[in-house]
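Open your viewer, get ready to select residues by number, and follow along one stop at a time.

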Amino acid sequence: MAVAKRIGVWFDVGLENALAVRAALDGLQAEYPGADWVLLGPRESLFLFEMDERISAYIPLRALEPRRPAQSRLSFFLEKKVQYKKLRGLQLDLCLGVSVAQIGKQFQHFLKLLNVSGRFICHDLSVFLSSPRPELQAGAQALALATQHYRVSPPHSLKVLVIFGDAPGQSLGLDAQWKAAQDILAREGVAHVTMAVLCGKGKLQARRLAQAHPDWLRLDLQQAMGFVAYADRVISFSPDITRICAEMGRSDRLVLDKKDS
């Protein structure tokens, strides 16, 4: 049986990679019992591990974030260099790369920078998700906005959350999604309905949505997970929200699951 004291798990940006790590952890911990586990991944995925007791630390990698506005290439390079020096101070016994894409060369470059040995694990997401894992729990950061929002709602009302997708490549536009949602809401009866759009950080996109639908909330994935935790029904037009519901054990609350939207 393998023995190691401190093991890093590296993964790239994207919800699927983060879910792959969540699903792989139990098996890896059985393979390396007693080790401390340090996740090395994108800042955007931190919220998915906020309540995960299986890990001792989560370190967001600067190299997986874009340059800040007006930041020079040299400043960005130096930030990454300083972080790599700090990461070498972790003195990892081993580092494992987990991914749903064939990016082994990128992981090998990371190992070289940290001067540590490791191995790369790559499967389709469905293979990772076939492993047992604890239910995803929403932490304080994810719940903050939803808690504030639902504080003023009637305490015993049915909470219905409608989440539209506005990502590039959506097969249904917002107008078509809204029409489909209206048909479903008509069957739900009296309820406290929250309309929200899962969108990125683009300022132009946010301004356009605010003008077209001023009463809709604009949520990132972390905030959306907090709303899912409160909702009694979730009408989802986003594959990411469908996955989050499944990880939280709330698939039974999905009223609409548009797999191709």
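Which residue forms a salt bridge with Glu247? Select Glu247 and Arg22 together: Arg22 is the partner, and the closest N and O atoms are 2.5 Å apart. A salt bridge here is a side-chain nitrogen of Lys or Arg within 4 Å of a carboxyl oxygen of Asp or Glu. Before you go on, note that this is a predicted model, in which local features need pLDDT of at least 70 and side-chain atom pairs count only at pLDDT 80 or more, while totals for chains, interfaces and linings use all residues. Residues are numbered from 1 along each chain as its sequence is written, and side-chain values use heavy atoms, with hydrogens and water left out.

**Stop 1: salt bridges**

Stay with the pair on your screen. Glu247 sits in helix H9 (residues 239-247) and Arg22 in helix H1 (residues 15-31), so the pair links parts of the chain 225 residues apart. Helices (H or I, at least four residues) and strands (E, at least two) are DSSP runs, numbered from the N terminus. Glu247 is buried, at 6% relative accessible area, and Arg22 is buried too, at 2%. Buried means under 20% relative accessible area, exposed over 50%, and partly exposed in between (1.4 Å probe, protein chains only).

Next, select Arg119 and Glu31, whose side chains meet in a salt bridge of 2.8 Å, N to O. Arg119 belongs to strand S5 (residues 118-122) and Glu31 to helix H1, so this pair ties together parts 88 residues apart in sequence. Arg119 is partly exposed at 30%, and Glu31 is partly exposed at 33%.

Now try Glu65 and Arg43, a salt bridge of 3.1 Å, N to O.

**Stop 2: a lysine without a salt bridge**

Select Lys159, in strand S6 (residues 159-165). Lys159 is buried yet has no salt bridge; the nearest side chain of opposite charge, Asp232, is 4.8 Å away. For charges, Lys and Arg count as positive and Asp and Glu as negative, while His and the chain ends are not counted. Leaving aside residues up to four places away in sequence, Lys159 touches several others, including Tyr150, His192 and Tyr230. Contact means heavy atoms within 4.5 Å.

**Stop 3: aromatic rings**

Keep Tyr150 and Tyr230 selected. They form a tilted aromatic pair, 5.4 Å centre to centre with 35° between the planes. Rings of Phe, Tyr and Trp (its six-membered ring) pair if their centres lie within 6.5 Å; planes under 30 degrees apart count as stacked, over 60 as edge-to-face and the rest as tilted. Tyr150 is in helix H5 (residues 140-150) and Tyr230 in helix H8 (residues 221-230), 80 residues apart.

Move on to Phe164 and Phe237, a stacked pair at 5.7 Å centre to centre and 25° between the planes. Phe164 is buried at 0% relative accessibility, and Phe237 is buried at 0% as well.

To finish, select Trp10, Tyr84, Phe107, Phe110 and Phe120, which ring pairs link into a cluster.
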